[in-house]
Each structure stands twice: as structure tokens, then as C-alpha cells.
Amino acid sequence: VLAEKGSYRHFMEKEIHEQPEVVARTLGAYVDQVENTIRARDGLDFSKASRLLIVGCGTAAYAGEVAEYWFERIARLPTEVDIASEFRYRDPAFLEGDVALFISQSGETADTLEAMRLCKAAGLITVALVNTAHSTMAREADIVAPTLAGPEIGVASTKAFSCQLAALACLAVRAGIERGHLDTASVTDHVAQLMAIPGTMSEALRADGQIDQLARDLSRSEIVLYLGRDQYFPMALEGALKLKEISYIHAEGYAAGELKHGPIALVEEGVSVIVLAPSDSLFAKTRSSIEQVRARGAHVLALTDEAGAEALEGLVQASILLPAARGAANLMSAAVAVQLIAYHVAVHKGTDVDQPRNLAKSVTVE
Ligand code: G6P
């Protein structure tokens, strides 16, 4: 397939903007809208799983880290996430009933593939969550769970990531059903939340212009810290990864609660801190992290919703307004925002957005 940029300046920009569409397509592969449920997947049975192991590299591993919150919360399924290059060499201990899920856009990443082979050899059920249907991982896994992002050209993953999240959110609900933790009413509610994702992401894309403006200042930062709690913690890691990958700014993501255990030492006048601050049950805690970095002179940009922006008025330098949605939809609107931030900062800096230095789209050798 020859992908075209159309009217976009870069593939990454196009891929960010096509997310509502490809995420909707991916949801369509999992959600049964007639029965209002998530379809079962042949051979995949979460009811007897003792544990879910999730393995991937880079952005795919961060999608796994987000999903850990979902599988544990929604399905009460103990979940462990590993980076493939660590997992495959640390002689991991398995449990009877472990299910191993491998996340990869390309389906060819050497470390992830070898981690999968190791699990297969140990007799585990292997699931490949891949975007490339004819990839090696898709061929070798016991079960394939697809993402339907279409070809992703930008080296920094965007739409493949959000499709991975959409598929994982569906699988977590499926696991919740199979493990008997969701009654019909809560399944219906979850399905409604999932189906709200594409619309929420479209709304989030409206922040594009505002983010472009804010990115001008950010592009002059030497250090950017991303903070988040709960499912927004791995999103903070992903936001920082995206930014460093294409703008070469030193960016790090931290769990907001870890601030006092080290990262706050970096904060001084002029350091930029981007805080994922949805007005949820943890908002007060996030707000207090914002106060701590503001007291040390940080320049704070909050990714929040209307209620959050009101509560942070006067405390932060700027708020990016995202729609107030629930669960995965809310997280995925934050994904759009961190991608747009990285994209616009890189454009302001004039880097090669689609082909950043030293990076490859898929790492098929160690
Ligand atoms: C490379 C890419 C990343 C990607 C990672 C894993 O580092 O630059 O964007 O997240 O590989 O790739 P995969 O194809 O396994 O998802």
C-alpha cells in the first residue's frame, strides 16, 4: 500500500488526525453493537487465566502499561508488564494459567518476537496484538488480536498506539465478562464508554491550534517533565517518549506521586512541566503536585477538562482543554494531546518529524 500524505505536512500529522477513524475501525473488530458486548476471541479464555503477562517495546510497552490498570480494575486479572528486552533475558518465572500478550505495531520487533517464542516454548498461550496481519508474530502466535490502524509511516507511533489502547480496552472488558466481574448493565455501560472513544478523540483534535501556539514556547525548553497518576502515568511516559523522539528535547515522564522521591530536584525557574490533570478522583493529589512544582518556579501546562481548568486557574500558565469523558476515552483524548504537543514542538524546532535521527520504524535486529 502506498500511503499518501494528502494535504498534511507530515505523515505523523496525518496519522494523528486519522485516529478517530482507525480507532473506530479497530473497535468494530471487537465490539458487538447488536448484542452490546465484546465478542469472544477463538481460543482466548480469560476465565481460567491466573495472570496476564504483557510484553512489548517502546510505545507498545506503554500501551501495555496503561492496560495493566484496566485488566486489574475491570477484570480483577493480575497483570504484569515487561519490556521485551528485559523479559527475554531475565529467566522469567511462570505460573500455571499464565496468558502472554505481545503488543507490536510491526509484528517484527526482534526482542518482542523472541520473548513470544520463549513463552510459547514454556507452554503458555500466546496472543499477538499486532497491526500487521501477515507479520511473523501474527503467524507464530496462538491467537491474533488485530489493530486496524492501517500502515503507519511516521517513525514515532501515534495511530498504532491508540488502536492498541482501543483493542486492549475491549479485551479488558471481555476479560471482565469472562471472569464474572461485570453484570449486563456494567457491560452495556463499558460498551457505551468504548463507543464514545472516536468522538472524544475528534473533540480532542480541536486543541490542535492552541497546542501549536503553546508549542512555540515549549520548543525553547531544555527539560520537559511529564507528570500523571493512574492510567495517566504511563501516558506521561509516552508523552515524554514522543517529545524526545522527534524534538530531541530531554523529556521524562514520572508518576506524580514520585515527584518528591527525586524528580523535584530537577525543578527550577523555567523548567517546563506538563501535567495530565483530568478532574477525576485523583485531581486533588495532582493539583498538589502542581503546587509543588509551581512553588519552585516551573512553567506548568495542564492537560485537563473544563472543570479542571477552572480549578487550576491562576495556578498554571496554561490549560489545554480536553473533553470530559470517562475511562479509556478520557485517556485517549490525552494521547491525542501529547502527540500534538510533540508534533508541533518538533515542527517549531525544524527537526525531521517523520524520520527522526537514530531511530527506525521497526527494530528487527537486536
Ligand atoms: C521502534 C519504533 C517505535 C515502536 C517500537 C516498537 O522503536 O520507533 O515507535 O514503538 O519500535 O515497535 P513495534 O513494531 O513492535 O510496535
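The following legends describe close-up views of a predicted model.

**View 1**
Five strands form an open sheet in the order β4-β3-β5-β6-β7, and their pairing is parallel. The edge strands of this sheet are β4 and β7 (143–146), each of which pairs on one side only. Neighbouring strands are turned against each other by 20 degrees on average, with direction ignored. Strands of a sheet pair through backbone hydrogen bonds, in either a parallel or an antiparallel manner.

**View 1. Strand β3 and its two partners in the sheet.**
Strand β3 comprises residues 51–56 and pairs in the parallel sense with strand β4, residues 79–83, over five bridges. Within this pairing, I54 stands opposite V81 in β4. Strand β3 also pairs in the parallel sense with strand β5, which comprises residues 98–104, and five bridges link these two strands. Here V55 stands opposite F102 in β5.

**View 2. The β-α-β unit formed by β3, α3 and β4.**
Strand β3, helix α3 and strand β4 together make a right-handed β-α-β unit. The helix of this unit, α3, comprises residues 58–75. The two strands of the unit, β3 and β4, are paired in the parallel sense.

**View 3**

The shell around the ligand contains 16 residues, of which G58, S104, Q105, S106 and T109 come nearest. Helix α3 contributes the largest share of this shell, with three residues. Sorted by class, the shell has six nonpolar, nine polar and one charged residues.

**View 4. The packing of helix α2 on helix α7.**
Two packed helices are described by the angle between their axes and by the distance between those axes. Helix α2, residues 19–28, packs with helix α7, residues 159–178, at an angle of about 30 degrees, and the axes are 9 Å apart. The crossing in which α2 passes α7 is right-handed. On the α2 side, the residues in contact are Q19, V22, V23, T26 and L27, and these meet K159, S162, C163, A166, A167 and C170 in α7. By class, this contact has seven nonpolar, three polar and one charged residues.

Methods. Residues are numbered from 1 along each chain as its sequence is written. This is a predicted model: local features need pLDDT of at least 70, side-chain atom pairs count only at pLDDT 80 or more; totals for chains, interfaces and linings use all residues. Axes are lines fitted to C-alpha atoms, for helices over the stretch in contact, and angles run from 0 to 180 degrees between N-to-C directions. Helices (H or I, at least four residues) and strands (E, at least two) are DSSP runs, numbered from the N terminus. A crossing is left-handed if the near helix is turned anticlockwise from the far one by less than a right angle, and right-handed if clockwise. Two residues are in contact if their C-beta atoms, placed from the backbone, lie within 7 Å. Ala, Val, Leu, Ile, Met, Phe, Trp, Tyr, Cys and Pro count as nonpolar, Asp, Glu, Lys and Arg as charged, and the others, Gly among them, as polar. Two strands pair if DSSP finds at least two bridges between them. A crossover is right-handed if, with the strands pointing away from the viewer, the path from the first strand over the helix to the second runs clockwise. A residue is near a molecule or strand if its C-beta atom, placed from the backbone, lies within 6 Å of it.
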